[in-house]
Amino acid sequence: MSCIFCKIVSGDIPSKKIYEDENILVIEDINPQALIHVLIITKEHIKSANHLTKENIDVIGKMFLAAKVVAKQMNIDESGYRLINNCGTDGGQSVNHLHIHLLGGEKLGENLR
Ligand code: AMP
Ligand code: ZN
């Protein structure tokens, strides 16, 4: 197993856990791009959004619900936040294990590229 996020899920690589349930792990990003920057990671190894199937519909919903819970927990539910999924080379995906970035805690830039 060479996937860094699978190793984080299994505990082989340490991480700062923010939230965990049966299907989802939320950790602090090691290289934060905003005052708050966490990663919503599926416990199951799914390579990217491009590899999703109908079997994954449940877990996608759970990722968004985890984002909402974490935003509330970090007290940015009212001020707002951004959810980002990078997919593939042009999308800037560097870890090939499905995750959503949650950024907030400050006014974010308006550029999407
Ligand atoms: P992406 O470029 O969308 O695939 O995002 C991967 C993210 O994982 C980047 O923001 C990295 O900073 C973050 N990252 C890589 N390794 C670790 C790690 N060991 N712990 C926490 N975050 C990590
Ligand atoms: Zn993985």
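Helix α1 contributes the most to the shell around ligand 1, with 3 residues. Helices (H or I, at least four residues) and strands (E, at least two) are DSSP runs, numbered from the N terminus. The model is predicted, so that local features require pLDDT of at least 70 and side-chain atom pairs pLDDT 80 or more, whereas totals for chains, interfaces and linings use all residues. Residues are numbered from 1 along each chain as its sequence is written, chains are lettered from A and ligands numbered from 1 in the order in which they are written, and side-chain values use heavy atoms, without hydrogens and water.

The shell around ligand 1 comprises 16 residues, of which Asp29, Asn86, Ser94, Val95 and His101 come nearest; a residue is near a molecule or strand if one of its heavy atoms lies within 4 Å of it. By class, 7 residues of this shell are nonpolar, 7 are polar and 2 are charged. In this scheme Ala, Val, Leu, Ile, Met, Phe, Trp, Tyr, Cys and Pro count as nonpolar, Asp, Glu, Lys and Arg as charged, and the others, Gly among them, as polar.

The side chain of His101 places an N or O atom 2.8 Å from an oxygen atom of ligand 1. For Val95, a polar backbone atom is 2.9 Å from an oxygen atom of the ligand, and for Gly92 a backbone N or O atom lies 3.1 Å from one. A polar contact is a pair of N or O atoms within 3.5 Å; within protein, one must be able to donate a hydrogen and the other to accept it, and residues adjacent in sequence count only if both atoms are side-chain atoms. Taken alone, ligand 1 exposes 510 Å², and the protein buries 84% of that. Accessible areas come from the Shrake-Rupley method with a 1.4 Å probe, and for residues only the protein chains shown count as cover. Two or more residues of the shell come from each of α1 (4-10), β2 (24-28) and β5 (99-104).

Gln93 lies in the loop between α3 (88-91) and β5. Gln93 is classed as buried because its relative accessible area is 11%; buried means under 20%, exposed over 50%, and partly exposed in between (1.4 Å probe, protein chains only). The side chain of Gln93 reaches the backbone nitrogen of Gly88 at 2.9 Å, and a polar atom of that side chain lies 3.0 Å from the backbone oxygen of Lys47.

Two loop residues are exposed. Asp12, in the loop between α1 and β1 (17-20), has a relative accessible area of 56% and therefore counts as exposed. Its side chain makes a polar contact of 3.2 Å with the side chain of Ser10. Asn75, in the loop between α2 and β4 (81-84), is exposed at 64% relative accessibility. Asn75 is not a glycine, yet has a positive phi of about 65 degrees. Most residues other than glycine have a negative phi.

Helix α2 (residues 57-73) includes Val69, and Phe64 is also placed in α2. Val69 is partly exposed at 37% relative accessibility, and Phe64 is partly exposed at 45%. Val69 and Ser48 are 21 residues apart along the chain, and their C-alpha atoms are separated by 23 Å.
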